[in-house]
Amino acid sequence: MRRQPWLLLLCSSTRAAAFHAAPLVDEVVATVGRVQRDLDLACNCTRLASPGGAVRVEVAALAREQSAVRRALSSRRHCVVRLDTAIDVEAISRSLPRLPPPAPVGLDRPDECVGEYRDDHSTFVELRFDESGTILPRAAADARIQNAADVLVAAARGVLACLGDYGVPVDYPRAERDEVSATVQRLCRYEPPAAQRRQVFGTHTDTTFLTLIPFAGEPGLELFDGTAWCCPEAAHDAAPGRDVLVMPGDLLHLYSAGRYPVAPHRVVLGGAAPRVSMPLLLRASRAAAFRGSSLSMVAVCAALRATSEEEARSKLLPRRD
């Protein structure tokens, strides 16, 4: 299983340029193949590991704990960063007004939206950042959510600094740009299932460098670490709002040549309370090129969302009319 369809809502034309980009096309296509195999492994895995054992690093200590962060992301596909002050996700969620349905951020970006998606079982609020780094849509630009996003971005910068120089073109919310961000701040609310335990959001990966998710008061986010499913939120010493789960996305998998493999994840609930979460999806700058080539990051990200190597290659190779 790749990504749920609604979440998706969530090259040079010369032969010479195509030739020079060919090895990079192969790199992207190979990454899609590896991610798909990981997703297949995750979907077929029934083993649930103990929730304890995650590498936890205080946000102020990231610079001193670089080796631990690298090992955790490489071997277990996640780490936990503990913030100085908790983010009150439920209070932020309650303070948000009802927003309009998702609307594209621009005519040339029909699949990139801001707004609120709602059904009988869940609500997703998709927020982005304008040219100055302010939350969009404006109706949601509350100081608390703006501050929470800034805290998560600072933690993401600290984690990426631990990993070395991969030249990742991150679209930071307050970076200089002349368009709405690709990076997304999302709020999610999952209603408790009627059954004892049920998957409420299917297995998927994110087209991000990093995805950061503050621990929720109602545990339920499970990730596949390569051998088993685990739920760090359910650890006995977990600190909701202060502990932040950090997972590599497809883009970091690509740029690190698989050293930091992507983390398939899902949401499974079995309690009586709703789950409210606030993931930050740290994506690529739309203005960047992949490793300085003729491949735009827009095209690369579109290819990474493919469900097969053949589909990914077709999205990257120039048309020969």
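A residue counts as buried under 20% relative accessible area, as exposed over 50%, and as partly exposed in between, with a 1.4 Å probe and protein chains only. The model is predicted, so that local features need pLDDT of at least 70 and side-chain atom pairs count only at pLDDT 80 or more, while totals for chains, interfaces and linings use all residues. Residues are numbered from 1 along each chain as its sequence is written, and side-chain values use heavy atoms, with hydrogens and water left out.

Begin by selecting R128, which lies in strand β5 (residues 122–129); strands are DSSP runs of E with at least two residues, helices are runs of H or I with at least four, and both are numbered from the N terminus. R128 has 0% relative accessibility and therefore counts as buried. Then show A182, whose backbone oxygen is reached by the side chain of R128 at 3.0 Å.

Next, select L39 in helix α2 (residues 15–44), a residue that is buried, with a relative accessible area of 0%. Show A263 as well: it is 224 residues apart from L39 along the chain, yet their C-alpha atoms are separated by 8.9 Å.

Finally, select helix α3 (residues 66–75) together with helix α5 (residues 143–162), whose axes come within 8 Å and cross at roughly 90 degrees. Here Q66, V69, R70 and L73 in α3 meet V159, A161 and C162 in α5, where contact means heavy atoms within 4.5 Å.

Technical notes: Axes are lines fitted to C-alpha atoms, for helices over the stretch in contact, and angles run from 0 to 180 degrees between N-to-C directions. A polar contact is a pair of N or O atoms within 3.5 Å; within protein, one must be able to donate a hydrogen and the other to accept it, and residues adjacent in sequence count only if both atoms are side-chain atoms.
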